[in-house]
Amino acid sequence: MSEKITIHLGSQQIHIETGKLAKQADGAVTVQLGETIVLVAAVGATKPRPGQEWFPLTVDYREKAAAAGRFPGGYFKREGRPTEKEILTSRMIDRPIRPLFPKGWFNEVQVQSILLSADGENDPDILSLIGASAALMVSDIPWDGPLGAVRVGRVKGQFVANPTHAQMTESDLDLVYVGSATELVMFEGSAREITESDFNAALKFGQESCQPIIAAQKELAAKAGRPKRQAVISETPAEIVAEAKAVAGTRIVTALLTPGKLEREAAVQEVGDAVGKALVEKFGADRISEGLVKELFYQIQKESVRRLMLEENKRLDGRAFDQVREIYCEVGMLPRAHGSAVFQRGETQVMVLTTLGTTEESQEFDAYTGGAQEKQLILHYNFPNFSVGETGRIMGPGRREIGHGALAERSIEPMVPLKEFQYAVRVTCEIMESNGSTSMASVCGGSLALMDAGVPMVRPVAGISIGLCTAFNEEGKLEKYRLLTDIIGWEDAFADMDCKIAGTEKGITGFQLDLKLGGVSHEIMAEAVERARVARLSILESMKATLSVPRTELSKYAPRIETVKINPDKIGALIGPGGKNIKRLVDESGCEINIEDDGTVKIYSVSAEGMKMAKEAIQGMTGEIEVGKLYRGKVVTVKEFGCFVEVFPGRDGLVHISELANFRVKQVEDIVKLGDEIWVKCLGIDEKGRVRLSRKAAMEERDKEMAQEQAEKPQEK
């Protein structure tokens with residue numbers, strides 16, 4: 001029997017229903033807002049795989065074209081590999097739900113969300129997040145929920161919960177907020193230079209908006225939820241743990257405090273090898289697997305790192321808790337790239353290349369759920385194995401790389417005036433070294449590379465990551481915490497938070513929070529936001545010392561753009577039958593030419609000569625004859641009373657015999673012949689569109705211009 005709960009959130013009604021679809025899943029719900037509906041199903045394996053020593057959680061979100069009443073694009077007419085939107089939504093669901101599964105529980109869990117109906121106004125990503133929480137709540141899978149989720153926009157200064165796509169076009173904030181009953185769990189999104197105080201206010205608004213969603217899930221679970229299964233936690237025998245800690249002893253702390261990432265890793269690995277060898281010798285290879293040693297030594301490292309920070313006020317690299325690592329920037333080192341930059345912060349280094357192209361190079365994609373269908377700014381992030389000194393499978397970008405690229409892209413995009421800058425822009429971030437927050441380094445390097453390319457950014461953008469290390473008492477109350485500015489890789493791995501915030505000197509433009517905790521207070525988050533502001537301003541100063549404003553000139557290898565406005569009725573003549581005219585012009589000039597429906601013609605060229613050729617040809621094929629102007633035209637018809645001169649293709653006028661010269665002409669052929677090119681001046685156009693031209697007037701005007709030019713030249717002595 002199905003159960004349905006309705007959530008009243010402002011003027012919205014969100015419906016969650018279970019027991020109707022996917023009844024063989026451990027938990028399944030549909031979530032509906034407007035006419036957008038998603039199905040979310042959760043299944044947990046009854047036991048872990050043999051030898052399983054980590055928690056295998058898979059979250060998968062998919063959109064179906066049929067949900068919007070459409071066919072998929074492409075030849076096969078079937079949905080294929082996940083799109084960027086689907087990957088980012090899957091990551092958005094995964095991050096907040098993962099920390100709430102029992103530690104040491106290794107049964108595989110899959111959470112799948114399918115878009116069933118899309119109204120084009122209400123985005124399904126928030127509904128999928130709510131659905132994942134609700135499906136886990138009604139299932140027998142052990143999970144410490146529920147969670148509420150809401151998108152927060154700000155329209156005309158007012159916060160809005162779950163704004164429609166139409167409202168989002170007027171919003172200066174796009175915040176995805178996830179919260180528990182009492183704390184903040186996850187956020188991500190972008191803004192147009194929102195202040196820190198307004199950002200904190202938006203977080204609190206999100207927390208308040210989550211409460212009816214959380215209450216509804218508790219009610220649904222009480223009515224239709226299954227009893228939770230007993231979680232079988234994998235625990236290492238106490239004597240093995242004690243022996244491992246005894247072998248590691250104080251050596252692990254000495255190794256952890258070794259300066260330099262690679263040197264530190266080598267020193268720690270030496271201790272780890274000693275621990276593994278000692279455990280095998282004492283307990284036998286049948287009890288001590290490689291995976292057990294790895295997990296056990298990870299916990300020893302984690303405890304040691306946290307003890308150093310919380311009890312001894314020490315970071316692994318010796319920095320103060322609010323100190324940013326040394327910054328190095330360089331621009332313009334790649335001669336053929338349209339813009340290039342290297343940004344280095346400590347042992348994190350990124351090389352960024354900017355490429356400018358025509359707007360035809362903008363990325364188009366199916367948008368079943370509404371919103372934008374094209375991207376003019378594209379940022380790609382690549383993380384090769386060598387950046388961490390390792391070998392491994394070489395393949396295309398994974399979910400992490402797509403997520404990091406999306407974060408950097410949305411952080412930079414608000415400061416790129418794409419409406420005025422009529423280019424498609426691609427930013428490619430190649431990670432050269434990694435030791436903490438390469439996504440924020442990509443924001444900094446991306447800003448520099450864009451300015452080096454001459455992209456007229458409003459202001460440069462920088463980003464930083466703030467970490468958190470906490471200690472709780474036996475009752476679960478927070479006793480102590482440390483905020484960590486500019487976290488390194490091991491602080492990310494062994495501490496509790498990775499809070500990335502990017503922005504300009506005026507405000508925040510991009511953000512993303514990952515927690516290993518079940519939640520964090522708004523008071524601590526407000527401190528982290530302020531830490532990020534201070535660090536961001538110092539990084540911006542370092543960047544400005546290298547390049548403070550965008551270059552005024554584009555690279556000589558970048559395409560130039562000129563815009564010509566033509567009569568929309570002339571578009572057909574410019575294109576020609578079957579595109580004959582425009583294809584010939586593109587081939588001859590070497591330019592790219594884009595024609596818009598309103599008669600705007602954009603010409604892109606890296607050659608000044610090609611640009612001039614294309615522009616003159618377009619004006620020639622589509623121009624309108626204006627009274628008083630001079631034209632060079634071709635004699636196409638000769639009559640007794642004068643000749644007809646073609647000024648533009650298909651557009652000619654009559655030069656009467658009396659207007660051929662400043663003396664009496666007996667025969668037209670005495671002055672011009674068929675095919676001659678002559679200068680003419682437009683004397684007038686009658687009501688029927690007939691054009692009167694004069695060779696005589698044109699010659700007089702050109703003689704005056706030449707005489708004036710001669711008079712202005714310096715006289716020889």
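The following dialogue considers how terms are applied to this predicted model.

Trainee: What makes the chain more spread out than a compact globule?

Mentor: The secondary structure of the chain comes to 16 helices and 29 strands. Its radius of gyration is 34 Å, well over the 27 Å that the globule rule gives for 717 residues, so the chain is more spread out than a compact globule.

Trainee: Why is the contact between arginine 229 and aspartate 26 called a salt bridge?

Mentor: The closest N and O atoms of arginine 229 and aspartate 26 are 3.2 Å apart, and a salt bridge requires such atoms to be within 4 Å, so the pair qualifies. Arginine 229 lies in the loop between helix 4 and helix 5, aspartate 26 in the loop between strand 2 and strand 3, 203 residues apart.

Trainee: How do you know whether arginine 229 is buried or exposed?

Mentor: Buried means under 20% relative accessible area. Arginine 229 has 18%, and therefore counts as buried. Aspartate 26, with 13%, is buried as well.

Trainee: Why does glutamate 364 count as exposed?

Mentor: Exposed means over 50%, and glutamate 364 has 63% relative accessibility, so the term applies.

Note on methods
Residues numbered from 1 in each chain as written. Predicted model: local features only at pLDDT ≥ 70, side-chain atom pairs only at ≥ 80, totals over all residues. Heavy atoms only, no water. Buried < 20%, exposed > 50% of the residue type's maximum accessible area, 1.4 Å probe, protein only. Helix = DSSP H or I, 4+ residues; strand = E, 2+ residues; numbered from the N terminus. Rg over C-alpha atoms; globule rule 2.2 N^0.38 Å. Salt bridge = Lys/Arg side-chain N within 4 Å of Asp/Glu carboxyl O.
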